[in-house]
Amino acid sequence: MLLELEDISLLYGRIQALHGISLSVAEGEVVALIGGNGAGKTTTMRAISGIRPVSAGRIRFDGQDITKLRADLRVVRGVSQSPEGRGIFPGMTVLENLEMGAYTRRDKAGIAADLRRVFELFPRLEERRRQSGGTLSGGEQQMLAVGRALMSRPKLMLLDEPSMGLAPMLIQQIFQIITEINEQGTTILLVEQNAQQALSRAHRAYVLETGRIVKAGTGEELLHDAAVQEAYLGVA
Ligand code: ATP
């Protein structure tokens, strides 16, 4: 397994947001976390990226225990930071934002190649490369956040609600690109409110409710699960 969470708990002050989460992501997979508002999806991502310390449990990544490793050192190991909100730098240009994504790297040729790859995936970003991030449309900022995460050439990409606030056509497009990124070899852990899209794209998925995993299965299995359909897919 590339990533393993074993019985993770996490506290915000006296509020316990995660109650013993165990999950795993194998190399090459797209795994989705779905669940309602406040279920703990973003918090799980924060535990993995190291933005918040866990109060109990263990996190293993790429064969090593990273439970207590600093967030920036997790990036160096290959965990891309999940953007908080869209998390781009509004005062920097598109190009500068993308270069920031590669700040832990020294391989200039590799960085240049990855920049070309991001521009191939998102031609819109290339057209706007000299424009400041804050003046991009919502959809373009979302693309920039995904592009910036790719620039760290992660082994594991954490995507927190990549479809948030996007028009239906753009939602299709961003999920298409996520599939492409995965097919090019990047493992992905995806948090999504858009359960329909997430489950149809993911190899496997976990359902979170109030800080606990209540169900797990292949994307296909969960798409056809009556309880999941009723709670998250709007099927009566
Ligand atoms: P949503 O889909 O609404 O974003 P989520 O599944 O991502 O929900 P989290 O953001 O992980 O949920 O929140 C889990 C719980 O932790 C919620 O009850 C939330 O109120 C609480 N929480 C989140 N961040 C903090 C914080 N910084 N301080 C205190 N409580 C927090």
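User: Which residues is E29 in contact with, leaving aside its neighbours within four places in sequence?
Analyst: In this predicted model, E29 is found in the loop between β2 and β3 (30-35). Its relative accessibility is 13%, and buried means under 20%, so E29 counts as buried. Leaving aside neighbours within four places in sequence, E29 is in contact with S24, N182, T187, I188, H203 and R204.

User: In which strand does S24 lie, and is S24 buried or exposed?
Analyst: S24 is part of strand β2, which covers residues 15-25. The relative accessibility of S24 is 15%, and the cut-off for buried is under 20%, so S24 counts as buried.

User: Which residues does S24 touch, not counting those up to four places away in sequence?
Analyst: E29 has S24 among its contacts, and the list for S24 includes E29 in turn.

User: How far apart in space are S24 and A102, C-alpha to C-alpha?
Analyst: Along the sequence, S24 and A102 are 78 residues apart. In space, their C-alpha atoms are separated by 26 Å.

User: Which residues have the most contacts inside the largest nonpolar core?
Analyst: The largest nonpolar core has 44 residues.

User: How many residues does the second, separate core have?
Analyst: This core includes L10, A47, I59 and L69. One of these, A47, is a buried residue of helix α1. The second core has 27 residues.

User: Why is α1 described as largely enclosed by the rest of the structure?
Analyst: The buried residues in α1 are K41, T43, T44, M45, A47, I48 and S49. Helix α1 is largely enclosed because its buried residues number 7 of 9.

User: Which helix gives the largest share of the shell around the ligand?
Analyst: There are 13 residues around the ligand, and N37, G38, K41, T42 and T43 come nearest. By class, the shell has 3 nonpolar, 7 polar and 3 charged residues. The largest share, 4 residues, comes from the helix at 41-49, α1.

User: How much of the ligand's exposed area does the protein bury?
Analyst: An oxygen atom of the ligand is 2.8 Å from a polar backbone atom of G38. A ligand oxygen is also 2.8 Å from an N or O atom in the side chain of Q193, and a ligand nitrogen is 3.3 Å from an N or O atom in the side chain of R46. Taken alone the ligand exposes 640 Å², and the share of that buried by the protein is 62%.

User: With which side chain does the side chain of S163 make a polar contact?
Analyst: S163 is in the loop between β7 (156-160) and α7 (168-183), and its relative accessible area of 7% makes it buried. Beyond residues up to four places away in sequence, S163 touches Q142, I171, I174, F175, E192 and N194. The polar contact, at 3.0 Å, is with the side chain of E192.

Key
Residues are numbered from 1 along each chain as its sequence is written. This is a predicted model: local features need pLDDT of at least 70, side-chain atom pairs count only at pLDDT 80 or more; totals for chains, interfaces and linings use all residues. Side-chain values use heavy atoms; hydrogens and water are left out. A residue is near a molecule or strand if one of its heavy atoms lies within 4 Å of it. A polar contact is a pair of N or O atoms within 3.5 Å; within protein, one must be able to donate a hydrogen and the other to accept it, and residues adjacent in sequence count only if both atoms are side-chain atoms. Accessible areas come from the Shrake-Rupley method with a 1.4 Å probe; for residues, only the protein chains shown count as cover. Helices (H or I, at least four residues) and strands (E, at least two) are DSSP runs, numbered from the N terminus. Ala, Val, Leu, Ile, Met, Phe, Trp, Tyr, Cys and Pro count as nonpolar, Asp, Glu, Lys and Arg as charged, and the others, Gly among them, as polar. Buried means under 20% relative accessible area, exposed over 50%, partly exposed in between (1.4 Å probe, protein chains only). Contact means heavy atoms within 4.5 Å. A nonpolar core is a set of buried Ala, Val, Leu, Ile, Met, Phe, Trp, Tyr and Cys residues joined through side-chain atoms within 4.5 Å.
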